[in-house]
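Subject: Structure for you to look at

Hello,

Here is the structure I said I would pass on. Please open it before you read the notes below.

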Amino acid sequence: MSTPTQDATSSLDKYFHITKRGSSVANEIRGGIATFFAMSYIVVLNPLIIGLAPDSSGSILGVPQVAAVTALVAGIMTIIMGVWAKQPFAMAAGLGVNALLTTTIISTPNLTWPEIMGLVFWAGILMTLLVLTGFRTAVFNAVPESLKTAIVVGIGFFIAFIGLVNAGIIRRVPDIAGTTVPVKFGVNGHLLGWPTLVFLFGLLLTITLWVRNVRGAILYSVLASTALAIFLESALKIGPSVYTNDAGEKVANPVGWSLNVPAFGSNTSAAPDMSLVGKMDLFGGFTSIGGLAATLLIFTILVSAFFDAMGTSVGLATEAGTIKDGQIENVDRVLLVDALGSVVGGGSSSSSSQIFVESATGIGAGARTGLANVVTGVLFLLAIFLSPLVTVVPFEAVAPAMVFVGFLMMRQAVNIEWDDWALGIASFLTIIFMPLAYSIADGIGAGFVSYVFIRLVQGRAKEVHWLMYVVSAAFLVFFGMGLIDGWAHA
């Protein structure tokens, strides 16, 4: 006679295809927790990116307000992706779009934050229509297999690079240094500080557990590294990498924690401020800057979000083993949920919510189904109220997992047709542009445009799917947006 527990487990297995995908409930829970730890920093980082940036009127969205809606939208969209699309692809505010908003769009005269979020909303609506008409899926199918593989490898490189930068192993060289080298190793060429020790401990532990075939190796490493970080901070009071002194000046601490200081604060919970929900202005942007300028900005947001998600989903599905006959399982649902993430993100002023590349950490820990997403999503919803759940895990504890997952994804490089000049060169450009431009979309664009160009030079234009010409033309417009915007305002 079956027990209620057995029946519940069987129902979960049947709905999410857990056994079919070679997983287990325990693996999904571990994977979901690992994904949350890997991407929980977005609840802290997103408010610092868009919450403090003033618009043309001098208004800001506010850090507490952005933090609340960031966790809310991440939780809701991640759960929907898991329950409906049944994939372990967690979602949250995309850093590519956020960087675009705060470095380019925010500088547009007369444009306010509610109007900017209205543009994000419209980009999401357009992307949703592209999914419903089958265009987005058709573009996915038109991409040559080698370029799809290159996207996976490039994302692996990108993930590893993010991990090394987050941990302070690779650091930006200030422009004042007057050097053409943009990054450097450690602090003046040396590895310094206790946070670096936490990273090295985590990386070596991850490798050790993995090669010893320990299930949950990545999650256990994150937890052990976090425990070490908490102990070190408690004993040594290391502090953040940037702090404010008594004079109100910002002071750099090269050996401090990169963002999250692993210590529990006195305030273990806070009432969330959801005042940003519904504050977007749908039509104000068209009135403030004109229809043409607003349309160009919507197109820019659309291209960035469109190809970030396409590239990320290919990479994650490859690692999760959920690609069958060259197709991601439930790909239409995956892309539709991702598109709706921009709609919901704009409507809540948290920015476009997208499939997060850090989901690869959970997949590396064993996640194969949407059940892992339910776990991750619930943790994000709890993070709305329990701030220490997010802020206690430092980047240095998560970065080793990202570096190791990068290795797992980069192994796919052997499947690229390097002997074909068009595929080989385009794949190479895809791979190097993603981490160095710090953008998945830019890497995909570099690969697509170069592939089409080389096929034309080879006299083999008929071998290129017509959609590749359309998409490459769109990328040329995207890359030349600065010139186009200049001409529009001339």
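The model is predicted, so local features need pLDDT of at least 70 and side-chain atom pairs count only at pLDDT 80 or more, while totals for chains, interfaces and linings use all residues. Residues are numbered from 1 along each chain as its sequence is written, and side-chain values use heavy atoms, with hydrogens and water left out.

Whole protein

The protein has 21 helices and eight strands; these are DSSP runs numbered from the N terminus, with helices being H or I of at least four residues and strands E of at least two. Its radius of gyration is 22 Å, close to the 23 Å that the globule rule gives for 490 residues, so the protein is as compact as a globular protein of that length. That radius is taken over C-alpha atoms, and the rule is 2.2 Å times the number of residues to the power 0.38. Along the principal axes, the C-alpha trace spans about 65 × 65 × 50 Å.

Of the 490 residues, 54% count as buried. Buried means under 20% relative accessible area, exposed means over 50%, and partly exposed is in between (1.4 Å probe, protein chains only). Among contacts (heavy atoms within 4.5 Å) with a separation of 6 or more, 79% come from residues 24 or more positions apart.

Helix H19

Helix H19 covers residues 440-457, which is 18 residues, and reaches 26 Å from its first C-alpha to its last. This is close to the expected 26 Å at 1.5 Å a residue, where the expected span is 1.5 Å times one less than the number of residues. In H19, 14 of the 18 residues are buried. After the helix comes Gly459, with a positive phi near 75°.

Gly134 sits in the loop between H6 and H7. With 29% relative accessibility, Gly134 counts as partly exposed. Its C-alpha is 28 Å from that of Asn415, a residue 281 positions away along the chain.

In H7 (residues 135-142), the buried residues are Arg136, Thr137, Val139, Phe140 and Ala142. They pack against several elements, including helix H6 (113-132), helix H12 (291-320) and strand S7 (327-328).

Asn166

Asn166 belongs to helix H8. Is Asn166 buried or exposed? Its relative accessibility is 13%, so Asn166 counts as buried. Leaving out residues up to four places away in sequence, Asn166 touches Ser258, Phe395, Glu396 and Met402.

Regards
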